[in-house]
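User: I have a chain to go through with you. Let's take it question by question.

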Amino acid sequence: MRDERTGTGLAGLVRQLEAGSVSLQHYPQLPALQPMRDAWQQLHAESRLRIALEQTPAEGGPLNSTVLVHRMLGAMQALSPEYLRHFIAYADTLAWLEQRPQPTPAATAATRKRKPKAR
């Protein structure tokens, strides 16, 4: 029987990272810090956007993927800056997850084979 509290996907990954965090007991989540987190996220998104837009190729052609991404970012910034901020945070999270070491197939198989003992 599966433990519903552990979750799967991103929720399970967050719980796994929090469980393995040595600093979690010393630095709990504080709701009073949320305005600062929001301001940092907005500043970070604007910085990443500015850096990305500075790297636009001069002669990419109309179907060049880099030129299309830059056009999309510019349009998102004009139409919905809040959505752009969420999009950049999502892309940063995916980039971070991609850099995480992947478990080997042997480790994954060993994890699946382990079953909790019946009590």
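**Fold, confidence and surface**

Analyst: Along the sequence, the chain runs in the pattern α-α-α-α-α. The model is predicted.

User: How many helices and how many strands does the chain have?

Analyst: The pattern along the sequence is α-α-α-α-α. The secondary structure totals 5 helices and 0 strands.

User: In which helix is confidence lowest, and in which is it highest?

Analyst: For the chain, mean pLDDT is 76, and 73% of the residues reach 70 or more. Where pLDDT is low, the predicted coordinates should not be read in detail. Confidence is lowest in helix H5 (residues 105-113), at a mean of 63. The highest value, 86, belongs to helix H3 (residues 65-79).

User: What share of the residues in the chain is buried?

Analyst: Buried means under 20% relative accessible area. The chain has 119 residues. The buried share is 9%.

User: How much of the accessible surface of the chain belongs to carbon and sulfur atoms?

Analyst: The accessible surface comes to about 10300 Å². Carbon and sulfur atoms account for 61%.

User: Is Leu-30 buried, partly exposed or exposed?

Analyst: Leu-30 sits in the loop between helix H1 (9-19) and helix H2 (34-54). With Leu-33, Met-36, Trp-40 and Leu-43, Leu-30 makes a nonpolar surface patch of about 520 Å². Its relative accessible area is 43%.

User: Is His-70 buried or exposed?

Analyst: His-70 is part of helix H3. Leaving out residues up to four places away in sequence, His-70 touches Ala-52, Leu-53, Gln-55, Thr-56 and Pro-57. Its relative accessible area is 11%. The cut-off for buried is under 20%, so His-70 is buried.

User: How far apart are the C-alpha atoms of Thr-66 and Ala-52?

Analyst: Thr-66 lies in helix H3. At 35% relative accessibility, Thr-66 is partly exposed. Thr-66 and Ala-52 are 14 residues apart along the chain. Their C-alpha atoms are separated by 9.9 Å.

User: What share of the contacts with a separation of 6 or more comes from residues 24 or more positions apart?

Analyst: Contact means heavy atoms within 4.5 Å. Among contacts in the chain with a separation of 6 or more, residues 24 or more positions apart account for 42%.

Technical notes. Residues numbered from 1 in each chain as written. Predicted model: local features only at pLDDT ≥ 70, side-chain atom pairs only at ≥ 80, totals over all residues. Heavy atoms only, no water. pLDDT = per-residue confidence, 0-100. Helix = DSSP H or I, 4+ residues; strand = E, 2+ residues; numbered from the N terminus. Patch = residues over 30% accessible without salt bridge, like charges linked within 9 Å, V, L, I, M, F, W, Y side chains within 5 Å. Areas by Shrake-Rupley, 256 points an atom, 1.4 Å probe, with all protein chains shown as cover. Salt bridge = Lys/Arg side-chain N within 4 Å of Asp/Glu carboxyl O. Buried < 20%, exposed > 50% of the residue type's maximum accessible area, 1.4 Å probe, protein only.
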